[in-house]
Structure formats: structure tokens, C-alpha cells
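The structure comes first, and the description follows.

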Amino acid sequence: MSKHGYHATVGALKLFFEVVFPSLLPFFIVSDVLLSTGMVHYLGVWFEPLMRPIFNVPGVGSFVFSMGLAAGYPTDAVLTAKFRKQDLTRRRRVSGYWLFRTRQNRRFNYFGRKPL
């Protein structure tokens, strides 16, 4: 490995452990605590009337949406995978969560089916 490649790798790892990891870790911890305590189900019941007609996802999708706005794309991907593993959502609903991951910072269609 060349010296330049080595220094670039060390710089990338340093950036990851000093900036990226500390900024995402609190969101991963909070999401795990809320999932394990059942708070996501409680919030899902309250947000079902809003999430189903607008985004065509179950009420627990509000948790993915809110965490995605707060923490960004990586958290949405992790939460979607956890929802699927815990059978909180069906396989065909994952595309609705994909909408939150890819379009939350841009304009997106009101019904979440086609981009503008």
C-alpha cells in the first residue's frame, strides 16, 4: 500500500470516529430504547389516522419518518430493517418507508407513490 493511500485511509477512519459515529450513536440508542419499551406501538396507534391516508404506511411509520428527519438516511435504513425483522411491517410496505429515506429532504408527492 502506498503512503498516500495509507494516510487517506487513516484520515477517513479518523473522520468517521470523530464526526459520523458520535453524531449517529445517540439516535441509534434512542430508537432501540423506544422500540424495546413498546413506545413505537403506542405512537403508531395515535398516528395511524394521519400516516395511512397520506403516506399509505401503518402508524408505526411515523417513528421512521420522525427519526429520519432528525437523524437522516442511515437511521431510516436501520429502522426499516428492524421493523421488517420484528414483523412490524409487511414486505410490500417497505417501499413506503423507502420514500421517507430518499425524499425527506426534497419535495415529494403528497401520496408518496410517484415523484413530482
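## Fold and confidence

Read from the N terminus, the protein chain runs α-α-α-α-α. Its secondary structure amounts to five helices and zero strands. The model is predicted, and the pLDDT of the protein chain averages 78, with 78% of the residues scoring at least 70. Confidence is highest in helix 1 (residues 3–37), at a mean of 89, and lowest in helix 5 (residues 94–103), at a mean of 60. Over residues 104–116 the pLDDT is below 50, and this stretch has 23 contacts in the model beyond near neighbours in sequence.

## Surface, contacts and core

Of the 116 residues in the protein chain, 30% are buried. Considering contacts between residues at least 6 apart in sequence, 57% join residues at least 24 apart.

The largest nonpolar core consists of nine residues: Leu35, Val40, Val60, Phe63, Val64, Met67, Leu79, Phe83 and Leu88. Two or more residues of this core come from each of helix 3 (61–71) and helix 4 (73–85). The largest contribution is that of helix 3, with three residues.

## Aromatic pairs

There are five aromatic pairs in the structure. Two of them are listed here.

| Pair | Centre to centre | Angle between planes | Geometry |
|---|---|---|---|
| Phe16 and Phe17 | 5.0 Å | 80° | edge-to-face |
| Tyr42 and Trp46 | 6.4 Å | 65° | edge-to-face |

The pair of Tyr42 and Trp46 counts as edge-to-face because the ring planes stand at 65°, and the cut-off for that class is over 60 degrees. Tyr42 and Trp46 both belong to helix 2 (residues 39–55) and lie four residues apart, about one turn of the helix.

How exposed are the residues of these two pairs? Phe16 has a relative accessible area of 36% and is partly exposed. Phe17 counts as exposed, at 52% relative accessibility. In the other pair, Tyr42 is partly exposed, with a relative accessible area of 47%, while Trp46 is exposed, with a relative accessible area of 60%. The cut-off for exposed is over 50%, so Phe17 at 52% is classed as exposed and Tyr42 at 47% as partly exposed.

Phe16 and Phe17 are also part of a cluster: ring pairs link them with Phe21.

Conventions
Residues are numbered from 1 along each chain as its sequence is written. This is a predicted model: local features need pLDDT of at least 70, side-chain atom pairs count only at pLDDT 80 or more; totals for chains, interfaces and linings use all residues. Side-chain values use heavy atoms; hydrogens and water are left out. Buried means under 20% relative accessible area, exposed over 50%, partly exposed in between (1.4 Å probe, protein chains only). Contact means heavy atoms within 4.5 Å. pLDDT is the predictor's confidence in each residue, from 0 to 100. A nonpolar core is a set of buried Ala, Val, Leu, Ile, Met, Phe, Trp, Tyr and Cys residues joined through side-chain atoms within 4.5 Å. Rings of Phe, Tyr and Trp (its six-membered ring) pair if their centres lie within 6.5 Å; planes under 30 degrees apart count as stacked, over 60 as edge-to-face and the rest as tilted.
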